[in-house]
Amino acid sequence: GYQIYRHKNLGKIAKGWKADLQIIDLTKAHNVPSFDPISSLVYSAQSSDVMSVMVNGKWLMTNRQVLTINEAEVLQKCSTLGIEIKRFIAKAGVRS
């Protein structure tokens, strides 16, 4: 896919080159047996199998820990917003 972008320093894992990389755990029960890793990724793998992610040579997640945001803070904000949305819906008289 890198060829369509026509950028230099793409398409190779080497120092000074841009890299996108995912490390995925295919050893969990839902991925076994794995006779074909590509098929396992497409048909069996789940988001929880992603262990580490690198984009443009920068690690965004390692060992299932997000490095670029405060995950606990984001989850707390989402929880708070969920409560506010539920109250808004209740005031509007919408039933779920």
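**Starting point.** I am working with a predicted model.

**Entry on the backbone at Pro 33.** I looked up the peptide bond from Val 32 to Pro 33. It is cis, with omega near 0 degrees. I then placed Pro 33 in the chain. Pro 33 sits in the loop that runs between β1 (21-24) and α1 (37-43).

**Entry on Asn 56.** I checked phi here. Phi of Asn 56 is near 55 degrees, which is positive, and the residue is not glycine. I found Asn 56 in the loop between β2 (50-55) and β3 (58-62).

**Entry on Asn 63.** Asn 63 belongs to the loop between β3 and β4 (65-66). Its relative accessibility is 59%, so I noted Asn 63 as exposed.

**Entry on the surface.** Which residues form a nonpolar patch on the surface? I listed Ile 13, Leu 21, Ile 23, Trp 59 and Leu 67. Together they have about 480 Å² of accessible area. I followed one of them, Leu 21, back to the fold. Leu 21 lies in strand β1. Leu 21 has a relative accessible area of 33%, so I put it down as partly exposed.

Terms used: Residues numbered from 1 in each chain as written. Predicted model: local features only at pLDDT ≥ 70, side-chain atom pairs only at ≥ 80, totals over all residues. Heavy atoms only, no water. Helix = DSSP H or I, 4+ residues; strand = E, 2+ residues; numbered from the N terminus. Buried < 20%, exposed > 50% of the residue type's maximum accessible area, 1.4 Å probe, protein only. Patch = residues over 30% accessible without salt bridge, like charges linked within 9 Å, V, L, I, M, F, W, Y side chains within 5 Å. Areas by Shrake-Rupley, 256 points an atom, 1.4 Å probe, with all protein chains shown as cover. Salt bridge = Lys/Arg side-chain N within 4 Å of Asp/Glu carboxyl O.
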